Structures are given as structure tokens and as C-alpha cells.
Amino acid sequence: MTDVGPDPRDLPPVLSPADAAALAARHGLEPVGSRPPLRRYVRDVWRHRHLMWAMAKGEFASEHRDNYLGFVWAVINPLLLGLAYFLIFGILLGTSRGIDNFITFLTAGLFTYALFSTALTSGSKSLLSKMSLIRAMQFPRVLPPLVSVLSAFVSQLPAFAVLLIIALWDQEGRVSWTWLLYPVALLIVLVMGLGIAMLTARIVHAVRDLANLMPLLVRLLRYVSGVFFSIELQVDRLGASDVVGAVLAYQPAAVALTVVRETIWNPAAPDPVTWAVAGGWAVLFFVVGFVVFWRGEGSYGRA
């Protein structure tokens with residue numbers, strides 16, 4: 001058989017891998033899905049901040065678009081949830097004993113924990129739920145977990161506003177200077193949630209079976225974080241050691257609830273230790289979550 005292919009002597013020389021990489025770098029080309037340097041990755045995320053905010057608002061709008069009452073459910077749902085928990089835990093199970101203004105205590109815990117739990121559930125699955133978008137479009141892959149928490153925060157804003165009204169009514173109109181710290185406390189919870197979402201999204205993308213454990217983790221944290229009871233009172237009643245009490249009180253979910261409660265429920269001055277621990281958790285989760293997520297940037301959407 002006669003070889004009819006091109007004469008190899010007429011073909012251009014083949015570039016070595018090093019020469020090909022140098023040529024691509026000289027013209028600003030890079031492989032699809034590669035991991036950029038950390039500093040450039042931060043700039044890319046900041047450059048997409050308007051897209052991120054638009055996606056968060058879009059998810060919030062799509063969540064309520066098929067309801068007759070629309071965005072009103074963002075207020076009705078947390079109120080109904082607070083009423084149900086008050087009847088079950090406050091009246092039937094008696095967890096309100098020893099807690100002044102229990103309605104404010106309970107709703108502050110419920111509304112804050114709802115944001116925290118979203119970071120664990122929706123945030124952990126955010127990459128898997130946006131896989132088709134990730135494979136089709138080029139953007140920082142950290143956007144989906146960030147958007148999932150920002151969307152939940154937007155959804156919770158009406159509830160957080162209602163919480164102020166509940167606190168005013170439940171505490172007979174008493175307002176303290178600590179109310180000025182309310183937005184700061186919510187910001188700490190938001191930053192903590194963003195970090196948790198990035199961290200769990202990376203973990204669940206690597207080991208997808210772990211997504212099935214997130215609902216269990218959310219329930220477990222709900223029952224040990226003092227959402228509807230006082231950790232301090234329960235530790236005293238059970239006679240637990242101070243170490244156990246400190247572990248329960250300063251774990252991330254519990255301390256997030258505490259900083260919010262200290263602004264509108266507890267009339268005493270906020271505990272600086274509590275705020276330092278909460279701020280430390282928020283910074284730690286955000287920085288570690290961002291770096292851990294960035295290190296896997298080139299792998300998302302390939303499997």
C-alpha cells in the first residue's frame with residue numbers, strides 16, 4: 001500500500017511542552033479549568049461581585065415566584081415557624097422556664113440558625129446543583145457556594161426585621177444601645193456561613209456521599225446549640241462540668257446565636273469573650289474555606 005500522507009519533512013517542527021507553555025503564556029492563553037494564583041483569584045471574585053449579588057437576588061425571587069403571596073412568605077414562614085416552636089418547646093416541653101422574654105430568645109435563635117443551616121445544606125450542594133453551568137461557563141467556581149448563602153441572607157432579611165418588632169413587643173418597648181450591634185452580629189453570622197459553605201462545598205464535591213450527612217449534622221447542631229433552650233441553664237440542671245459547658249457554648253453555631261441574642265435580647269453589655277470567639281470563628285472559616293476551595297479550583301466540573 002502506498003503512503004499518501006504528508007511528507008514529514010514538510011511539516012513545521014513540533015514544539016516541546018516547555019516551548020508550548022512559554023508560547024501560551026506569552027499570548028495570555030491557559031488551560032480551561034486551571035487554578036489561577038490566589039491573588040488573581042481574589043481579584044476575579046471581586047470583579048464578579050455584581051453577578052454574584054444579581055444571582056443571589058434572582059434565587060430569592062425564583063423561590064417565591066409561583067406563590068400567590070409572593071415575597072410575603074418570607075415574613076409569614078419564620079413567624080409560623082416561631083409559633084410552632086414556641087408551642088412545642090416553650091409550652092409543651094417547658095424549655096422557657098428561667099428564660100425572660102422567651103419569645104425574643106426563641107425567634108432570635110430560630111432565625112439566626114436558619115441562615116447557619118442553609119450554609120451547611122444548600123452551600124454544601126451548591127457545586128453539584130450548578131454542575132451544568134460550571135461546565136458551560138467560565139467564572140470563579142466559588143460563586144455558587146457564596147451565592148447560596150447570600151441568597152439565604154436576602155431571604156432572611158424580612159425575618160430579621162420582624163425579629164426587631166418581636167423584640168420591641170416582647171420587651172415592652174425597651175431599647176438598648178446594644179441594638180446598634182445587631183447588624184454587626186448578623187454580619188459575623190453571614191461571614192461564618194460563607195466560610196462554611198465554601199468548605200463544605202469543596203468536601204462534598206470530593207466525597208459526594210457526605211451530602212447525605214448534612215441534614216443529620218444540621219439536626220444535631222440544632223439540638224446542641226441552644227436554639228430553643230439556654231445552654232447555661234441546661235448545663236446547670238444536668239450538673240455537667242464547666243469544660244462541657246464551654247464547649248457547647250463556644251462552638252460555632254451556639255456562639256453565632258449568642259452574639260445576635262446579646263444585641264436585642266440580653267439587656268446586659270455584650271460579653272467581649274463571646275464576640276471575640278464569634279469573630280474568630282467567622283474569620284477562620286472564611287479564610288480557611290476560601291483557600292481550601294481555591295486549591296480545588298481546577299477540579300470542579302470534571303467528574
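This is a predicted model: local features need pLDDT of at least 70, side-chain atom pairs count only at pLDDT 80 or more; totals for chains, interfaces and linings use all residues.
**Exercise 1.** Work out how far apart Asp44 and Arg47 are along helix α2 (residues 38-47).

*Solution.* Start with the spacing: Asp44 and Arg47 sit three residues apart in helix α2, so about one helical turn separates them. Helices here are DSSP runs (H or I, at least four residues), numbered from the N terminus. Next, look at the side chains: they meet in a salt bridge at 3.3 Å, N to O. That term means a side-chain nitrogen of Lys or Arg within 4 Å of a carboxyl oxygen of Asp or Glu. Last, check the cover: Asp44 is buried at 18% relative accessible area, while Arg47 is exposed at 57%. The cut-offs are under 20% for buried, over 50% for exposed and partly exposed in between (1.4 Å probe, protein chains only).

Residues are numbered from 1 along each chain as its sequence is written, and side-chain values use heavy atoms, with hydrogens and water left out.

**Exercise 2.** Find how many salt bridges the structure holds, and describe the one formed by Glu172.

*Solution.* The count is two. Glu172 pairs with Arg174, with the closest N and O atoms 3.9 Å apart. Now for accessibility: Glu172 is exposed at 69%, and Arg174 is partly exposed at 48%.

Technical notes: Helices (H or I, at least four residues) and strands (E, at least two) are DSSP runs, numbered from the N terminus.
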